[in-house]
Amino acid sequence: MVELQHRTTPTPALTDFVGAHPALAAADFDSRAFQPIKLAVKADLNKDQGGLCAYCEKPLQPTEGQIDHIKPKAGANARPDLCFAYSNYAHSCINPKTCGQKKQDGLLPIEPGPGCNAEWALSTDGTIEPLPELTRQRRHAVVQTRDMLGLNKDSDLVDERRRWLASAIAVLQAAPADFPDFLQSAPYRHILASAF
């Protein structure tokens, strides 16, 4: 998961839109009037996230994917008060097996942010597993987050992470000095770092 740090100044178009429409409701997020704002927000999130999906870390173009509400705007866990809060947004890929579409209106025990990868690691087979020393409670939170996002359910995603891990190991063995640059530019870089 991307260790997301939102920019301190939200997308200006978002700030302007919210200021011009003080009575916004969650339904307004999907309105025609908000569509141009969504494009600008997605582009900023894409920069904040280093061009990766916030959840699975697949490469994502600024025009692809969707804006996911980290804390959902609807459903049993709804936080409509955060519907237009930039700090509650994540740029997510569109895959019904994973990420924001899999999460739907669930509330993640572990959200994308600094330290979010501290309790799991990438296995050599490409799966993400909780660290063995975790308490039962923390292990449950890790497994629940991983499974809510479907991070081990898409075999293509698991295989892709396995290949990138093998590449990282090869770079580390052949040219250790190049490893930091490799890791900085690789997809899955946040979860890859957990393996080293």
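## Proline 187 and the cysteines

Reader: Which residues does proline 187 touch, not counting residues up to four places away in sequence?

Author: Contact here means heavy atoms within 4.5 Å. By that rule, proline 187 touches Leu52, Glu57, Pro59, Trp164 and Leu192, leaving aside residues up to four places away in sequence. Keep in mind that this is a predicted model, where local features need pLDDT of at least 70, side-chain atom pairs count only at pLDDT 80 or more, and totals for chains, interfaces and linings use all residues. Residues are numbered from 1 along each chain as its sequence is written, and side-chain values use heavy atoms, with hydrogens and water left out.

Reader: Where does proline 187 lie?

Author: Helices are DSSP runs of H or I with at least four residues, numbered from the N terminus. Proline 187 sits in the loop between helix 6 (179-185) and helix 7 (189-193).

Reader: And is proline 187 buried or exposed?

Author: Buried means under 20% relative accessible area, exposed over 50%, and partly exposed in between (1.4 Å probe, protein chains only). Proline 187 comes out at 10% relative accessibility, so it counts as buried.

Reader: Now the cysteines: how many disulfides does the structure hold?

Author: A disulfide is a pair of cysteine sulfur atoms within 2.5 Å. The structure holds zero. Cysteine 53 is in none, and the nearest cysteine sulfur, that of cysteine 99, is 3.7 Å away.

Note on methods:
Helix = DSSP H or I, 4+ residues; strand = E, 2+ residues; numbered from the N terminus.
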